[in-house]
Structures are given as C-alpha cells and as structure tokens.
Amino acid sequence: MKQRLSQILFSQGFGTRRLCAGLVWNDEVTVNGQPVDDPDAEFETTGLRFTVSRQEWPYFDKALILLHKPAGYECSQKPKHHPSVMSLLPAPLRERGVQPIGRLDEDTTGLLLLTDDGALIHKLTSPKHHVPKVYEARCKHPLTAAMVEQLLAGVELREPEGKFQRPPEITQADGAEIVDETLLRLTLIEGKYHQVKRMVAAVGNRVEALHRPQFGALTLPADLPPGGWRWVSSPAEVWGD
Ligand code: URA
C-alpha cells in the first residue's frame with residue numbers, strides 16, 4: 001500500500017504529523033537510500049527502509065520486537081522499584097505503543113517479546129493458542145525424578161503468604177527435565193503470575209535464578225547481549241510456520 005512519507009513516519013513513532021513533516025523538510029530523512037524533501041511524497045510501504053537522522057529503520061505495519069531482558073528491569077508500564085524494560089528500546093518504539101507480551105519478573109532474564117499489535121498480545125498470551133514458553137530454573141536444592149513427575153502431573157499453586165488466599169489452582173508443566181543437579185528446564189503453555197517460582201515451590205524446591213531461552217519457536221539469539229533487541233519480521237516466526 002502507498003502512503004505519504006509524513007504519515008509513514010508518524011505511524012512508525014517519529015512524533016506528530018507536523019514533527020514528521022519537519023524532519024523531512026530539514027533533510028533528516030532518506031527513503032530506500034535516496035534523500036526526500038517532500039513530506040507528501042508517496043511510497044509503497046512493503047519492504048520500505050528509511051533513515052531518520054542517519055539511523056536506519058525498516059517499515060513495519062505492526063512492530064514485533066525480541067528483547068534480551070536483563071535482570072533489574074520491570075515489565076510494568078509504571079515500574080515501582082526498577083527501570084522499565086521499555087527504557088531499553090529507542091523512543092520511536094515506545095512512541096508507537098509497543099508493550100510486553102506477558103511479563104517476566106524483575107529478576108528473570110531472557111526472551112521477552114513486545115508489540116503494538118493488541119490482537120497479537122491476546123493470541124500469544126492466551127493458553128488456548130498453546131504457545132510453549134521454555135524456562136531454565138536454577139534451583140536451591142538438588143532436583144529429583146519425583147519433583148519432575150509431580151510438575152508434569154500437576155501441582156497446586158497457592159498465593160504467596162500474606163496475600164488474599166484464592167482457591168488453589170492446579171497447574172501442569174507441558175515439559176520438565178533435569179539438565180543438571182539443580183537446573184530444571186520447564187515448558188509452560190500458560191503464563192500465570194510467578195508461575196515457575198510457585199510451581200517449583202509447590203514441589204518443595206526454590207528457584208534461585210530464572211531465565212527464558214525460548215518463546216514459541218523463537219529462541220534467544222546467542223549473539224544478542226542482555227539489553228539488546230531485534231525486529232521479528234513476522235508473527236509466523238513465533239508460531240514456527
Ligand atoms: N514464572 C515466574 O515465576 N517468573 C517469571 O518471570 C516467568 C515465569
């Protein structure tokens with residue numbers, strides 16, 4: 001589909017239409033390698049690449065971002081004790097309303113997806129769609145085959161002490177394996193609050209460090225450092241299609 005350049009920049013998070021037109025008038029923008037000084041010039045958006053102030057951007061109708069979440073960042077939009085994961089992303093991504101797909105705890109590291117596509121957030125967080133998330137939990141005590149069996153059969157999740165006690169929920173792991181004496185690899189379809197920590201606690205162990213190397217068919221790239229991010233070119237990469 002063809003769109004005016006000021007509209008393209010606006011949709012990609014570069015500020016109001018007026019500010020976007022200003023960027024073009026001020027010779028800050030190139031499209032597919034060519035300088036453009038007319039904000040009303042029209043371009044086909046599919047596969048379009050542009051630069052703003054010499055930084056290159058691909059056009060995406062909806063943004064899908066893979067972030068290597070470091071420890072010490074909160075997934076909440078209004079963080080209480082630590083900076084938000086959003087502060088790790090450039091301003092245009094924040095401006096266009098990208099937000100985390102599900103949450104990782106402040107001390108959890110690993111693969112976090114973010115998007116400005118509300119329908120995709122719903123799809124990827126709903127257990128109905130069976131998107132597996134893989135976690136590696138470093139546990140305090142040695143793991144046993146009995147613990148793994150219990151996790152696969154289903155455990156009762158209780159609210160943390162002192163919290164309002166809802167009726168216990170039964171939750172099952174979709175996969176559980178012992179990697180080494182204290183490292184557990186757990187695959188979950190749901191994404192309940194503190195789910196891994198509460199499941200491990202329910203079998204009498206304790207999570208000391210938690211990492212998510214995989215979300216659906218996407219794995220954390222080995223060369224992406226903590227705090228680094230990448231575009232995901234299509235949600236199909238998450239489904240593994
Ligand atoms: N389960 C947890 O307990 N914490 C996370 O961050 C993710 C899953």
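Biologist: How far apart are the centres of domain 1 and domain 3?
Modeller: The separation is 47 Å, taken over C-alpha atoms. Domain bounds here come from an automatic or database domain assignment. This is a predicted model, where local features need pLDDT of at least 70, side-chain atom pairs count only at pLDDT 80 or more, and totals for chains, interfaces and linings use all residues. Residues are numbered from 1 along each chain as its sequence is written, and side-chain values use heavy atoms, with hydrogens and water left out.

Biologist: What are the domain bounds?
Modeller: Domain 1 is 2–58, domain 2 is 64–126 + 222–239, and domain 3 is 132–215.

Biologist: Why does the ligand lie between domain 2 and domain 3?
Modeller: Because both domains give residues to the shell around the ligand.

Biologist: Which residues are around the ligand?
Modeller: Leu104, Asp105, Thr108, Tyr135, His194, Gln195, Val196, Lys197 and Leu210, each with a heavy atom within 4 Å of the ligand. They divide into four nonpolar (Tyr counts here), three polar and two charged (Asp, Glu, Lys or Arg).

Biologist: How much of the ligand does the protein bury?
Modeller: 96% of the 240 Å² that the ligand exposes taken alone, by the Shrake-Rupley method with a 1.4 Å probe.
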